[in-house]
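Here is a friendly walk through one protein model, with an eye on how its side chains meet. Have the viewer open as you read.

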Amino acid sequence: MLTKTSAKLARFVAGRIVTMIVVLLIIAAITFFTFTLLPTDVTTLACGRPCTPERMAEVRSLMGYDLPVWQQFLNFLGGIFAGRTYGEGPAAVSCSAPCFGYSFQRAETVNTLIVQALPVTASLAVGAVILALIIGMVAGTVSALKPRSFLDRFFMLFAITGVSAPAYLVGLLGILFFGFFLDIVPVSGYVPFTENPVRWLWSLALPWATLAFISAATYARLTRTQMLEVMSEDFIRTARAKGLKESKVIGVHALRNVSLPIITVFGLELGSLLGGAVITEKVFSMPGLGSLMIDSVGMLDLPVLLGITVFSAFAVVIINMLVDIVYGILDPRTIK
């Protein structure tokens, strides 16, 4: 039999899943109609030369643009949940679920393009947010425990600089100093983990450091503010009065309460980066989702842009749902 807390947690998770599905449908609709109503006829680019009216009609039929907009949207949703087939007969193109579209300019499903680029973006995003989390929490904790000290001022200067610095500038300075002057890290490209784990790690060192420098500033400031508040609470004084070691007071009692808002920021950072760290990927010539999106803008490849945008939104919403669930587990008081 489920306990009362377990039942509340189950209802909480079910409610979050329903909310997630509704939000995803709304995002898919807004994204689809935004791209569909753009004053650009992508069928003209796919028609080729010479583009006769008959050929144009064939292309529009193949791409599904001869249907009403609402029908196109239902087909797009159907492709996500059940897959989709473009065209008929021997020339038909199948796209298995979840199908985010088909790029006629690249002659590839958007799924394939996302799968090819996602390992690069995922490697960059996960490594960067973990490194930023560690650096930021350590810096923020030290600053809070030694307020107005040299370390506090140093870390807060670091945080202000990180918040203010543009990603492209940090990346270019890193390339100039560590790549050209010191020549200790590669300045561009990506090596897959399956090809060479050591070179994979080394190829990501500078991009990780660039994103971590910017993101760690947020964690440092948030951790410092939360730690200063928590360390003045009654339960901290009670723990010290019981004779607990300072390391246990900080590590168990203080950081557990500080970690809740940080988890929220962590989820938002990870979700947004999984959609493609556009500037960082282009600065370091990494073939991730961000670079794919920029290239698609230049090619006016709307199916790819639509697919990546919807996929990125899905990633953000799903990660936020997981963060809400973890938040509810860590702090049952948030479960209604």
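## The model and its salt bridges

Please keep in mind that this is a predicted model. How many salt bridges does a search of the whole structure find? The answer is three, and each is described here in turn.

Let us begin with D301 and R106, whose side chains form a salt bridge with an N to O distance of 2.7 Å. This pair links distant parts of the chain, 195 residues apart. D301 sits in the loop between α12 (289-299) and α13 (302-330), while R106 belongs to the loop between β3 (102-103) and β4 (108-109). Is D301 buried or exposed? D301 is buried, at a relative accessible area of 1%; because buried means under 20%, R106 at 22% counts as partly exposed instead.

## Two bridges between helices

The next salt bridge joins D152 and R224, with 2.9 Å between the closest N and O atoms. D152 is part of helix α6 (residues 150-164) and R224 is part of helix α8 (residues 197-230), so this contact ties together parts of the chain that lie 72 residues apart in sequence. D152 counts as buried, with a relative accessibility of 4%.

The remaining bridge pairs D295 with K282, and here the closest N and O atoms are 3.6 Å apart. Helix α12 holds D295 and helix α11 (residues 278-283) holds K282, so the parts tied together are 13 residues apart in sequence. D295 is partly exposed at 36% relative accessibility, and K282 is partly exposed with a relative accessible area of 36%.

Which residues of α6 are buried? They are D152, F155, M156, F158, A159 and G162. Viewed down the axis of α6, these buried residues fall within an arc of 150°, so they line one face of the helix.

What covers the buried residues of α6? The cover includes α5 (110-145) and α8. On the face of α6 turned away from the buried side are the exposed residues F150, R153, L157, I160 and S164.

## Aromatic pairs

Now for the rings: the count comes to eleven aromatic pairs. One of them is F32 with F33, an edge-to-face pair with 5.5 Å from centre to centre and 85° between the planes. F32 counts as buried at 6% relative accessibility, whereas F33 is partly exposed, with a relative accessible area of 29%.

W200 and W208 also make an edge-to-face pair, 5.7 Å centre to centre with 85° between the planes. Are these two tryptophans buried or exposed? Both W200 and W208 are buried. Finally, F32 and F33 belong to one aromatic cluster together with F73 and F76.

Technical notes:
Residues numbered from 1 in each chain as written. Predicted model: local features only at pLDDT ≥ 70, side-chain atom pairs only at ≥ 80, totals over all residues. Heavy atoms only, no water. Salt bridge = Lys/Arg side-chain N within 4 Å of Asp/Glu carboxyl O. Helix = DSSP H or I, 4+ residues; strand = E, 2+ residues; numbered from the N terminus. Buried < 20%, exposed > 50% of the residue type's maximum accessible area, 1.4 Å probe, protein only. Arc of directions from axis to C-beta. Contact = heavy atoms within 4.5 Å. Phe/Tyr/Trp six-rings, centres within 6.5 Å; stacked < 30°, edge-to-face > 60°.
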